[in-house]
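Hi there,

Here is the structure I promised to send over. Have a look at it first, and my notes follow below.

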Amino acid sequence: MSKIISVHSFRGGTGKSNTTANLAGIIAGRGLRVGVIDTDINSPGIHVLFGLDEEEIKYSLNDYLWGKCEIEKAAYDVTANLNKNLGEGAEPIPANGKIYLIPASIKVGEIARILREGYDVGLLNDGFQNLIKELTLDVLLIDTHPGLNEETLLSVAISDALAIIMRPDQQDYQGTGVTVEVARKLDVPRMLLIVNKTPMSFNFDEVRARVAQTYNCPVGAVLPHSDEMMTLASAGVFVLHFPNHPITQNLRRVATELLA
């Protein structure tokens with residue numbers, strides 16, 4: 001039975017796309033077929049993490065939404081890209097594991113058209129289901145648009161699990177509360193919070209306890225601010241570069257919980 005997992009944050013800049021890419025790397029590393037769809041159509045970027053060049057993108061999610069192609073035409077197998085770009089000690093994604101990326105267009109004119117005209121959100125839902133069927137996916141990961149809009153609400157509503165990324169920041173605390181409340185009303189079966197970019201000077205156990213109590217929601221991980229992540233600078237998927245890093249170990253546990 002395929003699972004749909006949405007990765008969301010109320011505000012931008014939380015590390016949502018990096019977290020999505022890392023979860024994809026971990027899950028595919030377990031021999032599963034994973035689709036990653038970039039529904040952050042206003043400000044796409046996850047394709048960079050998977051080493052997919054703009055010139056390689058013949059069809060994008062935008063083309064599907066405008067009726068120019070079937071959605072599976074916009075899916076790119078990026079597994080080989082990742083296996084060519086591994087860190088020391090990292091295991092390659094096995095032959096039965098796959099990552100298919102469905103990027104959003106990064107062309108200025110196409111982003112402007114989406115902002116101006118919008119699109120049929122129901123078509124997006126059909127696309128999710130067609131992707132799972134046509135690519136025989138075990139897991140579909142949805143990298144959502146920050147905040148709460150119609151397409152994000154749809155993604156959350158059809159998800160089997162939801163990971164909400166936040167920082168230990170007062171603005172994030174307030175926005176995350178809204179997201180958690182909405183997800184509960186939409187009856188998402190499984191919801192996890194991930195506290196990202198936590199300063200090393202903080203007491204991580206206290207942060208975990210406070211966040212869990214504030215939202216009455218399980219905390220999958222409290223992740224530190226990482227110089228290694230900053231140095232990698234989106235030139236790859238972190239967990240495949242730093243397989244023994246505490247962030248990687250924490251995200252493996254998160255992946256297990258989201259798939260449970």
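A polar contact here means a pair of N or O atoms within 3.5 Å, where within protein one must be able to donate a hydrogen and the other to accept it. Please keep in mind that this is a predicted model.

With that in hand, let's start at K16. Its side chain makes a polar contact with the side chain of D143, at 2.7 Å. K16 is also buried, since its relative accessible area is 5% and the cut-off for buried is under 20%. Leaving aside residues up to four places away in sequence, K16 touches V7, H8, S9, D40, D143, T144, P146 and I165.

K16 belongs to helix 1, which covers residues 16-29. Helix 1 is largely enclosed by the rest of the structure, because 11 of its 14 residues are buried. Among them are K16, T19, T20, N22 and L23. Just after helix 1, G31 takes a positive phi of about 85°.

The other thing I wanted to show you is a helix pair. Helix 8 (residues 170-185) packs with helix 9 (residues 204-215) at an angle of about 45°, and their axes are 10 Å apart. The two helices are therefore oblique to each other, and helix 8 passes helix 9 in a right-handed crossing. Where do they meet? On the helix 8 side the residues are D172, Y173, Q174, T176, G177, V180 and R184, and these meet R210, V211 and Y215 in helix 9.

Best wishes

How values were computed: Residues are numbered from 1 along each chain as its sequence is written. This is a predicted model: local features need pLDDT of at least 70, side-chain atom pairs count only at pLDDT 80 or more; totals for chains, interfaces and linings use all residues. Side-chain values use heavy atoms; hydrogens and water are left out. Helices (H or I, at least four residues) and strands (E, at least two) are DSSP runs, numbered from the N terminus. Buried means under 20% relative accessible area, exposed over 50%, partly exposed in between (1.4 Å probe, protein chains only). Contact means heavy atoms within 4.5 Å. Axes are lines fitted to C-alpha atoms, for helices over the stretch in contact, and angles run from 0 to 180 degrees between N-to-C directions. Angles under 35 degrees count as roughly parallel, over 145 as roughly antiparallel, 65 to 115 as roughly perpendicular and the rest as oblique. A crossing is left-handed if the near helix is turned anticlockwise from the far one by less than a right angle, and right-handed if clockwise.
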